[in-house]
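Colleague: I have not looked at this structure before. Please take me through how to read it.

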Amino acid sequence: DWGANSEKIEIRYNAFLLSIPQEKEVTVLDVGCVYGHFFDFLTKHNKQVVYCGIDCSSPMIAWAQTRYGAAIEFVHADLASFAKSNQRKFDYVVCNGLFTQKLQASNAKMTQFMKNAVESMFMLCHEAVSFNLMSTFVTFFAPNLFYINPHELIFWFVEDIISMVIIHNSSVEFENITPIYT
């Protein structure tokens, strides 16, 4: 939940829209969906989507299910288990905010978590995976935030995942939106 930073959500979501086509209906998986706000944003921008939200927080999923009813699919699960057990793929997988807070985790542990999650997201998509990260090119470092060097990120993608990577460094200050295309 972005709380007081909610005005920045629209900026992030607009960056995610760059990878989702306007002209056709697509399937979207929202990883760490919280209350399903990205679905509202997609609808507001006339995107034709079949939406599915996944989150590991049962209270958030319960709230989203109450808010939207049976019309929208929300799944309470962790991403790795969902990726292994799910038989379907989505056109686009988006993830907002999952990789910005590391809290007490070490950078090495958070980096491994991010890599595992991105690989799981990639297993679930046909077209593109998009997520945001904090860049190491900042004027400050907070001990609870996770930062990653965009150069290292690109090297990892190209070496281990896929060669079509775009990093948008123009959304929210010190963050990158990273769509990876299949």
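Colleague: Which elements make a right-handed β-α-β unit?

Modeller: A crossover counts as right-handed if, with the strands pointing away from the viewer, the path from the first strand over the helix to the second runs clockwise. Here the unit consists of β4, helix α5 (residues 107-123) and β5. Helices (H or I, at least four residues) and strands (E, at least two) are DSSP runs, numbered from the N terminus. This is a predicted model, in which local features need pLDDT of at least 70 and side-chain atom pairs count only at pLDDT 80 or more, while totals for chains, interfaces and linings use all residues. Residues are numbered from 1 along each chain as its sequence is written, and side-chain values use heavy atoms, with hydrogens and water left out.

Colleague: What is the order of the elements from the N terminus on?

Modeller: The order is α-β-α-β-α-β-α-β-α-β-β-α-β, with six helices and seven strands.

Colleague: Which strands pair with β4?

Modeller: Two strands pair if DSSP finds at least two bridges between them. Strand β1 (residues 26-31) pairs with β4 in the parallel sense over four bridges, and Val 31 has Cys 95 of β4 as its bridge partner.

Colleague: Is β4 mostly covered or uncovered?

Modeller: Buried means under 20% relative accessible area, exposed over 50%, and partly exposed in between (1.4 Å probe, protein chains only). In β4 (residues 90-95), six of six residues are buried. For the protein, buried residues make up 49% of the 182 residues.

Colleague: Which residues of α2 are buried?

Modeller: They are Phe 38, Phe 39, Phe 41 and Leu 42. These residues lie on the same side of α2, because they cover an arc of only 160 degrees around the axis. The arc is that of the directions from the helix axis to the C-beta atoms. In general, an α-helix has 3.6 residues a turn, so residues three or four places apart point the same way. Just after α2, Asn 46 has a positive phi of about 60 degrees.

Colleague: Where is Gln 48, and which residues does Gln 48 touch?

Modeller: Gln 48 sits in the loop between α2 (37-44) and β2 (49-55). A contact means heavy atoms within 4.5 Å. Not counting residues up to four places away in sequence, Gln 48 touches Lys 24, Glu 25 and Val 26. The C-alpha atoms of Gln 48 and Glu 25 are separated by 4.5 Å, although the two are 23 residues apart along the chain. Gln 48 counts as partly exposed because its relative accessibility is 43%.
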